[in-house]
Amino acid sequence: MKRRDFIKLLGGAAAAWPLAARAQQPRRMPRIGVLLPGTATSFAPRVQAFLEGLRDLGYVEGRTAVIEWRWGEDRVDRVPELAAELVRLDVDVIVTGGTPAAKALKSATRTIPIVIAVVGDPVAAGLVESLARPGGNVTGFSIVATELSGKRLELLKEIVPGLSSVAVMLNPANPQPQIELNETQLAARRLDLRLHSFPISPDTSIERAFEKMKAASVQGLIVLTDAVLYNYRSRILALAAGNRLPAMYFFRQFVEEGGLMSYAPSDRDLFRRAASYVDKVLKGSNPGDLPVQQPTKFEFVINLRAAKALALDVPTTILARADEVIE
């Protein structure tokens with residue numbers, strides 16, 4: 001081989017080498033941020049459902065995806081700091097739950113896609129422009145369903161003999177329970193029930209609210225959807241039991257921890273479905289083009305131990321309609 005031809009061949013091989021090396025390098029694993037307002041223990045069932053949803057789509061933590069976990073530990077004041085932390089890590093997408101965490105994330109970034117696994121009314125909260133066309137960098141799954149409030153009141157009336165007066169506990173700073181309150185008032189008129197509203201704010205403690213409920217001689221309680229009230233669930237459950245007040249809750253975790261009953265969208269199903277939006281975003285979809293979806297699966301859970309403590313005889317028709325009975 002002539003010297004000139006050898007040099008040309010060597011030069012071509014050298015030029016091709018970086019391309020071959022790059023082709024052989026492993027693809028960068030997607031980085032998924034997760035910001036949840038509670039603890040790893042309290043969110044365990046929902047996290048499991050989310051991870052199962054990811055696994056079904058080929059994302060396995062530590063093998064095909066990196067997941068950056070951040071926990072609020074039931075402290076709302078920590079959430080903005082954790083949101084900023086995830087943004088600094090420059091993850092590819094962030095998954096969260098609840099309006100306060102979603103708002104903190106949206107304030108922290110307008111570019112990183114945000115998938116909300118569970119949220120009340122994202123339009124009223126200013127998180128998206130509309131359910132059909134969210135716009136911006138936020139999308140997810142709403143728990144708003146028009147039939148929820150009426151169904152909750154109906155079930156409470158069926159299980160509490162002679163029910164005529166019901167307390168409604170809500171966080172007035174959250175737009176979601178305001179929507180639920182309006183729907184509950186409509187359902188109460190249809191069911192001939194009197195409602196007493198008990199807003200929980202920095203000026204009105206949960207303990208004080210229960211004192212007012214006792215003074216009003218209410219016979220039942222409905223707790224409206226809110227992340228802050230979810231974080232206070234231990235105190236609410238203890239006070240409801242201490243005041244022998246039958247209560248309907250917005251998530252099954254209340255019932256699993258001793259509450260009487262809940263009728264709600266399946267949060268585990270919503271967290272599993274959130275994995276599908278993560279997959280779409282990682283494959284190039286614009287979150288602003290992904291419609292906010294509504295719940296398709298609902299769960300009625302009842303705790304017979306709590307019913308017994310309240311001296312309530314649960315009708316067999318109620319038990320037959322329950323998705324889960326805790327004995």
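I began with Leu57, which lies in the loop between H2 and E2. Helices (H or I, at least four residues) and strands (E, at least two) are DSSP runs, numbered from the N terminus. The model is predicted: local features need pLDDT of at least 70, side-chain atom pairs count only at pLDDT 80 or more, and totals for chains, interfaces and linings use all residues. Residues are numbered from 1 along each chain as its sequence is written, and side-chain values use heavy atoms, with hydrogens and water left out.

**Leu57**

I looked up the exposure of Leu57. Leu57 counts as partly exposed, at 37% relative accessibility. Buried means under 20% relative accessible area, exposed over 50%, and partly exposed in between (1.4 Å probe, protein chains only). I then listed contacts, meaning heavy atoms within 4.5 Å. Leaving aside neighbours within four places in sequence, Leu57 is in contact with Ala275, Ser276 and Asp279. I also checked Leu57 against Val95, 38 residues apart along the chain. Their C-alpha atoms are separated by 16 Å.

**H2 and H11**

Next I took helix H2 (residues 44–56) and its packing on H11. The angle is about 35 degrees, and the axes are 7 Å apart. Axes are lines fitted to C-alpha atoms, for helices over the stretch in contact, and angles run from 0 to 180 degrees between N-to-C directions. H2 passes H11 in a right-handed crossing. A crossing is right-handed if the near helix is turned clockwise from the far one by less than a right angle, and left-handed if anticlockwise.

I noted who makes the contact. H2 gives Pro45, Arg46, Ala49, Phe50, Glu52, Gly53, Leu54 and Asp56. H11 gives Asp267, Arg268, Phe271, Arg272, Ala274, Ala275 and Val278. The contact residues divide into eight nonpolar, one polar and six charged. Here Ala, Val, Leu, Ile, Met, Phe, Trp, Tyr, Cys and Pro count as nonpolar, Asp, Glu, Lys and Arg as charged, and the others, Gly among them, as polar.

**Gln253**

Arg46 and Asp267 came up again at Gln253. Gln253 is found in helix H10 (residues 252–256). Is Gln253 buried or exposed? Gln253 is buried, with a relative accessible area of 3%. Beyond four places in sequence, Gln253 is in contact with Arg46, Tyr230 and Asp267.

**The cores**

I turned to the nonpolar cores. A nonpolar core is a set of buried Ala, Val, Leu, Ile, Met, Phe, Trp, Tyr and Cys residues joined through side-chain atoms within 4.5 Å. The largest core has 51 residues. Ile32, Leu54, Met169, Phe210, Met213 and Leu221 touch the most other members. Helix H11 (residues 267–282) supplies the largest share of this core, seven residues. Apart from this core lies another, of 31 residues, with Leu156, Leu191, Leu193 and Ala306 among them.

Not counting residues up to four places away in sequence, Met169 touches residues including Phe198, Ile206, Phe210, Met213 and Leu221.

Five of the six residues of strand E1 (residues 31–36) are buried. E1 pairs with strand E2 (residues 66–71) in the parallel sense over six bridges. Two strands pair if DSSP finds at least two bridges between them. Ile32 stands opposite Ile67 in E2.

**The seven-strand sheet**

I wrote down the strand order of an open sheet: E7-E6-E8-E9-E10-E11-E12, with mixed pairing. Which strands stand at the edges? Strand E7 (194–199) and strand E12 (324–326) do. Each has a single partner strand, so one side of each is left without a neighbour in the sheet. Neighbouring strands of the sheet are turned by 20 degrees against each other on average, direction ignored.

Strand E6 (residues 165–170) runs parallel to E7, joined by six bridges. Ser165 has Arg194 in E7 as its bridge partner. Helix H7 (residues 206–216) packs on the sheet and touches E6, E7 and E8. The direction of H7 makes about 160 degrees with that of E7.

Within strand E10 I picked Ser262. Ser262 is buried, with a relative accessible area of 1%. Among its contacts beyond four places in sequence are Met248, Phe251, Glu299 and Val301.

**Positive phi**

Last, I looked at backbone angles. Asp90 is not a glycine, yet has a positive phi of about 55 degrees. Asp90 lies in the loop between helix H3 (79–88) and strand E3 (93–97). Asp90 is exposed, at 52% relative accessible area. Arg244 has a positive phi near 50 degrees. Arg244 is found in the loop between helix H9 (233–242) and E9.
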